[in-house]
Amino acid sequence: MVEVSARLRELVAAGRDVAVLTGAGMSAESGVPTFRGQGGFWENESFEDLATPQGFARDPDKVWRWYDARRRGVAACAPNAGHRALAEYQMHHPGMKVITQNIDGLHQAAGSRNVVELHGALFRVRCTRDGMARDDRRVPLPDIPPRCACGALLRPDIVWFGEALPQAAVEAAFGAARRAALFLVIGTSAVVYPAAGLPAIASGAGAWVVEINPERTAISDQADEVLRGPAAVVLPALLGAVPAATR
Ligand code: OAD
């Protein structure tokens, strides 16, 4: 059982101005590894080599081999009950905003719409010459490193350390945080900015901020309410309990 406050129950039932920020923990139960902590990507891999423009300039083959392996890994994963609960809730409350740091596309695969992708997308490539991005779902990629039709190298359309986030996504995310009455922070360690700043923006603008995470994080103390548990368990329990009248 997930214990929730009366306030949270009311906000969920009302469904007005609900926004969620998700991180790697959202997809943990789909089988996608997280970044930090035991078994996380950055425990065994050097993010400087794999997730910076400098690492890519030094060794595009190595970077693409890693992303090709991640693409293969994620292609074998499916949305979990948490992704599905968010998508279903959004069907009944279309104004709900899903903001994610994840690049795995699992919110969209579950049926969520207008997902704000702050850190890019694993199945999108971008030309290093003209910056044009396009979807590419081929798994595995036929050539490593892949090249654009123009001959230039392609890169993953992912935000690397030291790079700016896509402006439109940042504006959408901050706008949603400022408007939110209820702001759920799900499965993120909340240490990578600017995403980690969104709960404080939402809180400052009057939102009820709820963390959903089995572990304590950098924003646990800022949250109005904390639901300690995995997203795939807590979200169906929280959102699936929407009273029939509001569905
Ligand atoms: P992290 O790996 O830093 O944090 C994952 C969080 O998920 C932790 O707080 C875990 O406690 C929590 N968690 C684990 N299992 C969970 C579950 N079943 N349900 C809910 N929560 C669970 O991942 P992020 O916070 O997403 O950036 O990392 C932020 C950014 O750092 C990523 O987007 C990526 C990374 O470097 C880029 O690639 C630009």
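Modeller: Gladly! Let us start with a word we will need: a residue is called buried if its relative accessible area is under 20%. Please keep in mind that this is a predicted model.

Colleague: Thanks! Why is strand β7 called largely enclosed by the rest of the structure?

Modeller: Strand β7 covers residues 182-186, and five of the five are buried, so the strand is largely enclosed by the rest of the structure.

Colleague: How do you know that both faces of β7 are covered?

Modeller: In a regular strand, side chains alternate between the two faces of the sheet. On one side of β7 we find Leu182, Leu184 and Ile186, on the other Phe183 and Val185, and all of these are buried.

Colleague: What makes β7 and β8 a pair of strands?

Modeller: Pairing takes at least two bridges. β7 and strand β8 (residues 208-212) have five bridges, in the parallel sense, so they pass the cut-off of at least two. Here Phe183 stands opposite Val209 in β8. Between these strands the chain runs through helix α9 (residues 198-204), and this β-α-β crossover is right-handed. Strand β1 (residues 18-22) also pairs with β7 in the parallel sense, over five bridges, and Thr22 has Ile186 as its bridge partner in β7.

Colleague: How do you know whether Phe56 and Trp160 are buried or exposed?

Modeller: Phe56 has a relative accessible area of 8%, so Phe56 is buried. Trp160 is at 2%, so Trp160 counts as buried too.

Colleague: And what makes Arg155 a charge over the face of Trp160?

Modeller: The distance part of the rule asks for CZ of Arg within 6 Å of the ring centre. Arg155 lies over the face of Trp160, at 3.9 Å from the ring centre.

Conventions: Residues are numbered from 1 along each chain as its sequence is written. This is a predicted model: local features need pLDDT of at least 70, side-chain atom pairs count only at pLDDT 80 or more; totals for chains, interfaces and linings use all residues. Side-chain values use heavy atoms; hydrogens and water are left out. Buried means under 20% relative accessible area, exposed over 50%, partly exposed in between (1.4 Å probe, protein chains only). Helices (H or I, at least four residues) and strands (E, at least two) are DSSP runs, numbered from the N terminus. A crossover is right-handed if, with the strands pointing away from the viewer, the path from the first strand over the helix to the second runs clockwise. A charge sits over a ring if NZ of Lys or CZ of Arg is within 6 Å of the ring centre and within 35 degrees of the ring normal.
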